[in-house]
Structures are given as structure tokens and as C-alpha cells.
Amino acid sequence: MIARREEQGSVLILVLVLLVALVSLALSLGLRTRVELGATQARLDDLRLRAMIDSAIELALAEVRQDQLPGDTLGDAWRDDQARFAGYAFDEGRVWLLLTEPDPGDGRELRYGLRDENGKLNVNVATQEQLELLPGMTTDAAAAIVDWRDEDDDPLDGGAESDYYLSLDPPYQAKNSSIESLEELLRVRWIDPAVLYGEDRNRNGLLDPCEDDGDRSFPPDDADGVLDRGLIDYLTVFSRELNRTVDERTRLVWEQASAEDVRDRLSEASQATREGLASRAGRPLQSLGQLLFEGMTPEDAILVLDEFTLTDTEILVGRVNVNTAPREVLLGLPGLEEDDVEAILTARLDVSQDLSSPGWLLRALPLQKVQIIADIVTTRSEQFTVNALAQLDDRPQRFRRVEALIDRSFGPARILLWHDLTPLGFPLPGERGEELP
């Protein structure tokens, strides 16, 4: 009897062990199934979001391809259209094209569309004086940037060459050639993330609570209620255009021009402009602005600055688009003061005017000031930044954000760069986005 009870007890224990094992196996399989289902759902979400981002980039490409108007302005279709670019429905989600830029003069804080790189200052051609005038820039930092890109090993006052960088841990050489990306500036003396990115670490162009609370949360800020954008919003390495007229003809090199060439090119100009410049055809010039003279109308100046060039170079690099550049960049143009910049900001808002070449500046500035900047400004934009955001309707915590750079200067517009900005977080306040774990 005792043996039988012991046998029954052993069977009961075995059954209990088997039940525990089965339950553990079931729980393990259930957990693995949930994990696999979650991973599958995440992959599916990623595919859906990628399709939405691709759609947004294609929309941006289509916009710049269709833009055939001479001169690029604040009123162009690719720029600042909330109805078309803000939260439009796509498949099972919504898509935004964020336009995060400094105020161009109309006082609005948040816009939707594309941003042109030509409205920024090209870090590879800007002078030290122009760099120094940018918000957050110091004299030493500007000197160090020039030293980094120039070909010599002679440091400017406050700058740095290889002898400084080789003393660091780890050591490296000064580049002494063109800067290829703005992130490269983080290798330059005096430039750190706070200088490059400012307080706007999530790159949404808005002053978020964490960017206005001092040292209580990242990033560090001065809690002054004003967004410090950092250098990245005013600088570019992508700004170039073809040396052609608005209707795609090769410009006439002034020193190669005959009187008849000048008359032919200026057939639509006034007789005073046509004959006045024909009499000077072929004479050496120090600046294209020397072709402008007292009494020339803005209409004639627009034509003159479009038809002629001082170089047969196919590509012009780093000219600033005066139609779209923010106040901070315009203030860096030589000879311009606060009143001049305000005059430009006001005059260019009238997009019904002909803004196809910098000659229109004669409507806003004295002749002498237009002559000084005529060679370094443009009214064209050929490179554009697209800041695309996609969010799922059924899973609003799932989103993706990408920054792409479009170039339309050669042939069909194409994508040059593609950066994933998703780790910076959901950029729009008041929307349904939640931070990803």
C-alpha cells in the first residue's frame, strides 16, 4: 500500500513537472510569437513609411522640375504652400514637407515647402568678413574656417592649421581644400555642436520647451525665449548655377564682345543703354557692376546682368540669391547696411515685379551699392533641401523623417544627399507624434 502511494506521488510530481514544462514552453512560444509579430509589424511600418517618404521626395522633384519661371522668389510654387505640403493624406498616413528657415521678412515662424540652398552663404567661397557677420560666429571661428579650406599652412590670427590639429588626440591634418559637408565643420577649431546647430537640436526651426529651459534638459540653452539657430541655417556647400541667361543661352563674355554683339544682346534695352555699352564693348572690367551707370533703369539693368559675364566658366559657385536669402545672410554682403537690407526685404515681396536678375536691386538700392555686389548675387536657385516627414494614421507613434538635397542645375533634377533625421524626434508640436522608444 505504501509503495503504491509512493508510485502515485511520483506520477503526480512527474505530471506537475510536465505541466510546468508545457506552460513554460507555451509562454516561451507565445513570447517569441509576439516578438516576431512585433518585428514583422515594425518591418511593415518601415516599408509603409519609406513609401510615403519616397512619395514626398518625388513630389518635391516634380515641383522643381515644373518651375520654369525666370528667377526664383519667395512666391514660387515649390515654396511655402501649407495647403499642399502640410499633412496631406497618402495611403494610410500623412506627409509634411517642412520648411525650417529663418524669417525671410514676412514674420511667419513655420512654413511648408522646399528651401533653396542658394539663399545661404557658401562656406567655400565666403570671405572671412562675411562669415564673421553670421549669428553665433566669432572672428576666430571665421579665421579657422578659412584656414581649414585654404591651400596653405599659414594660420590666420585666431585660426588654425595642421600644427594645431596634430596636437589633438587623435591628431589629424587640416584639410586645406573645399569643405564637402557642413558636418565637417565640427573638425574645425572653435566649431562645436552648440555653434553649428545652436539650440535647435531637433532641426524643426521652432523654439521647443527643452530648448528654452537653461540647463534643465538637453540641449543647453540660454532660456532667453529666442531660438539660436546655429551656423547650419545660414551656410551651405551646395550653391551653384550654370553661367547662362534665363532662356538658357550662353552668356557673352564682356571682353570678347564687339559693339555689334552688345547691340544684338541689348536689342530690347533703351537706346541710351544699348549705345552707351556698345561704345565700351570689350574693355576690361574689374566687376560686372561696372556695366551699370547712372540713369540706367532697373529694367535695363536686369537685362544687362543677365546677358553678360566676365568669365567663360560654365558653372558659377556660391552666388547668393537676393530674392530668398534671410536678413542675416544679406547683412554679410559687402557694402550693405541695415537700411539697405530692409529695403531689399520689402521690395522683393512684390513678386509681380521682374525679379529675374539682380538688376532689379536698382529699385531698392543706390547704384553704387548694386555695383559692389553685382558679381556675388543671383536670383536663381538650383539646389533645394527637402525636409520630409511621414506618419502612420493607425500607429501615430511610428514616423520617419528624412532630409534630402535636390539639384536641378544639370539636366533633370536629381537627389544628391539623403539623411535620416528620425532619431531627432517628431518635429511638429500639436500633432499626434510620440517619441519612439
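T385 lies in strand β13, which covers residues 383-392. The model is a predicted one.

- T385 counts as buried because its relative accessibility is 13%, and buried means under 20%.
- T385 and G113 are 272 residues apart along the chain, yet 9.3 Å separates their C-alpha atoms.

**E63 in helix α1**

- E63 belongs to helix α1, which runs through residues 2-66.
- The relative accessibility of E63 is 8%, and therefore this residue counts as buried.
- When residues up to four places away in sequence are not counted, E63 touches A77, W78, R84 and F85.

- Helix α8 spans residues 271-278, and its residues T273, R274, L277 and A278 are buried.
- Viewed down the axis of α8, these buried residues fall within an arc of 120°, so they line one face of the helix.
- The exposed residues Q271 and A272 are carried on the face of α8 turned away from its buried side.
- The cover over the buried residues of α8 includes α7 (259-265) and α9 (298-307).

**Overall dimensions of the chain**

- The radius of gyration of the chain is 29 Å, whereas a compact globule of 437 residues would have a value near 22 Å.
- Along its principal axes, the C-alpha trace spans about 130 × 55 × 40 Å.

**Burial, contacts and surface**

- Of the 437 residues in the chain, 48% are buried.
- Among contacts with a separation of 6 or more, 63% are between residues 24 or more positions apart.
- The chain exposes about 21,100 Å², and carbon and sulfur atoms supply 53% of this area.

**Charges**

- The chain has 45 positive and 84 negative charges.
- The mean positions of the positive and the negative charges are 7 Å apart.

Terms used
Residues are numbered from 1 along each chain as its sequence is written. This is a predicted model: local features need pLDDT of at least 70, side-chain atom pairs count only at pLDDT 80 or more; totals for chains, interfaces and linings use all residues. Side-chain values use heavy atoms; hydrogens and water are left out. The radius of gyration is taken over C-alpha atoms; the globule rule is 2.2 Å times the number of residues to the power 0.38. Buried means under 20% relative accessible area, exposed over 50%, partly exposed in between (1.4 Å probe, protein chains only). Contact means heavy atoms within 4.5 Å. Accessible areas come from the Shrake-Rupley method with a 1.4 Å probe; for residues, only the protein chains shown count as cover. Lys and Arg count as positive and Asp and Glu as negative; His and the chain ends are not counted. The place of a charge is taken as NZ of Lys, CZ of Arg, CG of Asp or CD of Glu. Helices (H or I, at least four residues) and strands (E, at least two) are DSSP runs, numbered from the N terminus. The arc is that of the directions from the helix axis to the C-beta atoms.
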